[in-house]
Amino acid sequence: MSYCSKCGTQINEGEKYCSKCGNLVAQEADNPKETKGESSEKQNEFVTKIQDFNNTSDTTAAYAVDDVTQNKAMGILAYFGPLVLIPILAAPKSMFARFHSNQGLVLLLADIAYSIINAILTAIFWTISWRLGSIMSTILGLVWILFTVLAIIGIVNAASGRAKELPLIGKIKILK
């Protein structure tokens, strides 16, 4: 028997992930002389970092089951930019839709704020040098990937009926 290195839960033989926290369980080699390769260790590190990134509070238990099942579509719509207004206006009494509307609204506002900052910085760099401007606009443009990843995480959470906060921005409350 082995135990999870993260939470201490007992791990059954053959399990790859902890049933309590989802941590990847280190698999020992059959031959004690064999060691894990460096790429395997890096892969385990990467998986752990991704799990830690998305390790946010899950308040699904606080919502009524029928509210969750009836308003999954509204929760999904909340992550499509301006469409966040649809669940805000169409399902104002649904706590589940309101939770995801808040998450989507915070994401939209962060996206708009970053767009303004990105435009200002890109204009400044372009006036200094066209090379610097093109390099910096490419680097600054990569942040859009983060917004896309956060939206996908929100959509997956809403579609699976979970009220789980988004990483980085999930604790901000605009709608009550």
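The structure holds 5 aromatic pairs, a pair being two rings of Phe, Tyr or Trp (its six-membered ring) with centres within 6.5 Å. This is a predicted model, in which local features need pLDDT of at least 70 and side-chain atom pairs count only at pLDDT 80 or more, while totals for chains, interfaces and linings use all residues. Residues are numbered from 1 along each chain as its sequence is written, and side-chain values use heavy atoms, with hydrogens and water left out.

**Aromatic residues**

- The ring centres of Y114 and F147 are 5.9 Å apart and the planes stand at 45 degrees, so this pair is tilted; planes under 30 degrees apart count as stacked, over 60 as edge-to-face and the rest as tilted.
- Y114 belongs to helix α5 (residues 95–128) and F147 to helix α7 (residues 143–159), so the pair ties together parts that are 33 residues apart in sequence. Helices are DSSP runs (H or I, at least four residues), numbered from the N terminus.
- Y114 is buried at 13% relative accessibility, and F147 is buried at 13%. Buried means under 20% relative accessible area, exposed over 50%, and partly exposed in between (1.4 Å probe, protein chains only).
- One aromatic cluster is formed by Y63, F96 and F99.

**Salt bridges**

- The whole structure contains 2 salt bridges, each defined as a side-chain nitrogen of Lys or Arg within 4 Å of a carboxyl oxygen of Asp or Glu.
- E165 is bridged to K171, with 3.4 Å between the closest N and O atoms.
- E165 also meets K173 in a salt bridge, at 3.4 Å from N to O.
- Through shared partners, E165, K171 and K173 are joined into one network.

**Nonpolar cores**

- The largest nonpolar core has 18 residues, of which Y79, V84, L107, L166 and I169 touch the most other members. A nonpolar core is a set of buried Ala, Val, Leu, Ile, Met, Phe, Trp, Tyr and Cys residues joined through side-chain atoms within 4.5 Å.
- Helices α5 and α7 are the elements that give two or more residues to this core.
- Leaving aside residues up to four places away in sequence, L166 is in contact with T56, Y79, Q103, L150, I153 and G154, where contact means heavy atoms within 4.5 Å.
- A separate core of 5 residues includes Y63, F96, F99 and A163.
- In soluble globular proteins, nonpolar side chains tend to be buried together.

**Nonpolar surface patch**

- L109, I112, I116, I120, I124, I128, L132, I172 and I174 make a nonpolar surface patch of about 780 Å². Such a patch consists of residues with over 30% relative accessible area and no salt bridge, the nonpolar side chains (Val, Leu, Ile, Met, Phe, Trp, Tyr) being joined within 5 Å. Accessible areas come from the Shrake-Rupley method with a 1.4 Å probe.
- Helix α5 supplies the largest share of the patch, 6 residues.
- L132 lies in helix α6 (residues 130–141) and is partly exposed at 32% relative accessibility.

**Residue T122**

- T122 is placed in helix α5 and is buried, with 16% relative accessibility.
- Beyond residues up to four places away in sequence, T122 touches S137 and L140.

Methods: Patches are made of residues with over 30% relative accessible area and no salt bridge: like charges are joined within 9 Å, nonpolar side chains (Val, Leu, Ile, Met, Phe, Trp, Tyr) within 5 Å.
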